[in-house]
Amino acid sequence: MQDVSLYGHITFDRVFSKTSNYCSVGSMGNVWKTLNTINPSLKVSLNPTAFGEAVIYVDVDKSERCSIANLNNFTKSPEIQRSSWHHILYINELEDLSFIDDIATGIISADICAGQVLSDLEVLSKIDFLFISDEDLFMGIEELSKLVKGTVIMHHSGGSVAITGSNRLENSVKRIDNVNVLGCGDMFASFFIDKYLNTQKNSENIDLNSIIQQSHALVSTTLLNNK
């Protein structure tokens, strides 16, 4: 039994800024790295379904980034794991989402990235947690929340909005300037997954707002430590 199983995109990233350039493993690589750093005891399974490449420019002075990518250079069917949590990157760019029907255990979460608008809206009825940034929102968040099985969490540089049914949670954080924001969305999802699983393991009560607040705080701390 795995703690977390990752599905979807894995990318070869070429990252450029005005002072440096380097190569990295992106997409699910970002989530794996964060989970492995914050909780090395987690059993994390990587099951890529799409292999791609990206060129990314990071403007640290403006705390912005942009990219161009070919996310689906090669695709394959994943091996579904028995897991407490299944996280899928990125459902709006995956060509085949049928594997989600084969997931029979645990919580299912998904992330949406910049690019295509999600065409298969019915898949959202299978998602317990949907992560999306304000930049990638393709419809009103209230409308989107009605399509998601569980909770939609829209994160932005100043905090987040989470909606579950009629329950709305808003959190504000202090904006951090002059930092490398590459992978912040994946980082936030990783902290959330770890905190949720840890809470679920040690308590009968899940305080969603507390988990979101802790996740924001950890992202902020990580960004400040990396300045």
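Tutor: One term to begin with: buried means under 20% relative accessible area, exposed over 50%, and partly exposed in between (1.4 Å probe, protein chains only). This is a predicted model, where local features need pLDDT of at least 70 and side-chain atom pairs count only at pLDDT 80 or more, while totals for chains, interfaces and linings use all residues. Residues are numbered from 1 along each chain as its sequence is written, and side-chain values use heavy atoms, with hydrogens and water left out.

Student: Okay, so is C66 buried, exposed or partly exposed?
Tutor: C66 counts as partly exposed, because its relative accessibility is 46%.

Student: And how many disulfides are there?
Tutor: A disulfide is a pair of cysteine sulfur atoms within 2.5 Å, and the count here is zero.

Student: What about C113, buried or exposed?
Tutor: C113 is at 14% relative accessibility, so C113 counts as buried.

Student: New topic: how do helices α3 and α4 pack?
Tutor: Helices here are DSSP runs (H or I, at least four residues), numbered from the N terminus. α3 covers residues 184-202 and α4 residues 208-225; they pack at an angle of about 135°, with axes 9 Å apart. Axes are lines fitted to C-alpha atoms over the stretch in contact, and angles run from 0 to 180 degrees between N-to-C directions.

Student: Which word describes how α3 and α4 lie to each other?
Tutor: Oblique. Angles under 35 degrees count as roughly parallel, over 145 as roughly antiparallel, 65 to 115 as roughly perpendicular and the rest as oblique.

Notes:
Helix = DSSP H or I, 4+ residues; strand = E, 2+ residues; numbered from the N terminus.
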